[in-house]
Amino acid sequence: MTRRTGQNPKVRVGKRADGTKYFFFQYWVDIPGKEERRRQTEVVGLVGQLTKSEANRKKLEFISKIAINSSEYRIPCSLTFADAVTYYRDVFGPTMHRSSTFDTWDGRIRNHLEVDWANVPIEHITIQAVNEWAWKNGRRVSLGY
């Protein structure tokens with residue numbers, strides 16, 4: 001799933017069946033475990049009780065509170081490291097390596113990485129997690145910047 005740069009939805013006016021008008025906005029939420037998004041609607045308040053600028057301020061407060069635009073926000077993913085290894089073995093490895101090189105890398109993945117990382121979701125594999133794993137296992141490997 002692609003990373004979005006940020007959400008800044010517009011505050012709009014809706015009308016209920018009884019005729020009352022209200023301010024609302026819609027934003028996208030990632031569905032954990034699936035590669036799709038769901039549209040959420042948030043009602044800010046009634047038109048007679050708020051001005052449009054107050055509704056915009058409430059919208060910004062809400063978006064910042066759920067931290068959907070922050071750099072710490074992680075998009076939920078259903079893929080695991082084992083899925084990435086399967087892709088490597090079936091698609092990437094055979095097309096990008098000679099057979100002898102592929103066998104070497106496949107053995108290294110099988111013996112060193114799959115043992116510890118097979119069931120880890122892709123979203124949890126960060127440079128910090130890999131460095132901690134390498135340090136705990138006595139491998140002085142640094143992938144950090």
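Tutor: Contact means heavy atoms within 4.5 Å. Helices (H or I, at least four residues) and strands (E, at least two) are DSSP runs, numbered from the N terminus. The model is predicted, so local features need pLDDT of at least 70 and side-chain atom pairs count only at pLDDT 80 or more, while totals for chains, interfaces and linings use all residues. Residues are numbered from 1 along each chain as its sequence is written, and side-chain values use heavy atoms, with hydrogens and water left out.

Student: Which pattern does the protein chain follow along the sequence?

Tutor: The secondary structure comes to four helices and three strands. Read along the sequence, the pattern is β-β-β-α-α-α-α.

Student: What percentage of the residues of the protein chain count as buried?

Tutor: Buried means under 20% relative accessible area, exposed over 50%, and partly exposed in between, with a 1.4 Å probe and protein chains only. Of the 145 residues in the protein chain, the buried ones come to 27%.

Student: How are α2 and α3 oriented to each other?

Tutor: Axes are lines fitted to C-alpha atoms, for helices over the stretch in contact, and angles run from 0 to 180 degrees between N-to-C directions. The axes of α2 and α3 come within 11 Å and cross at roughly 175 degrees. Angles under 35 degrees count as roughly parallel, over 145 as roughly antiparallel, 65 to 115 as roughly perpendicular and the rest as oblique. The pair α2 and α3 is therefore roughly antiparallel.

Student: How are α3 and α4 oriented to each other?

Tutor: Helix α3 (residues 99–117) and helix α4 (residues 127–136) have axes 12 Å apart and pack at an angle of about 115 degrees. The contact is made by His112, Leu113, Asp116 and Trp117 of α3 with Ala129, Val130 and Trp133 of α4. By the angle classes, α3 and α4 are therefore roughly perpendicular.

Student: Against which helix do the buried residues of α4 pack?

Tutor: Val130, Trp133 and Ala134 are buried in α4. They cover an arc of only 100 degrees around the axis (taken from the directions from the helix axis to the C-beta atoms), which puts them on the same side of α4. The face turned away from this buried side carries the exposed residues Gln128, Trp135 and Lys136. The buried residues pack against α3.

Student: Is Phe62 buried or exposed?

Tutor: Phe62 lies in helix α1. Beyond its neighbours within four places in sequence, Phe62 is in contact with Phe25, Tyr27 and Glu42. Its relative accessibility is 18%, so Phe62 counts as buried.

Student: How far apart in space are Thr80 and Ile122, C-alpha to C-alpha?

Tutor: Thr80 lies in the loop between α1 (52–66) and α2 (81–96). Not counting residues up to four places away in sequence, Thr80 touches Ala118, Asn119, Val120, Pro121 and Ile122. Thr80 and Ile122 are 42 residues apart in sequence, and their C-alpha distance is 5.0 Å.
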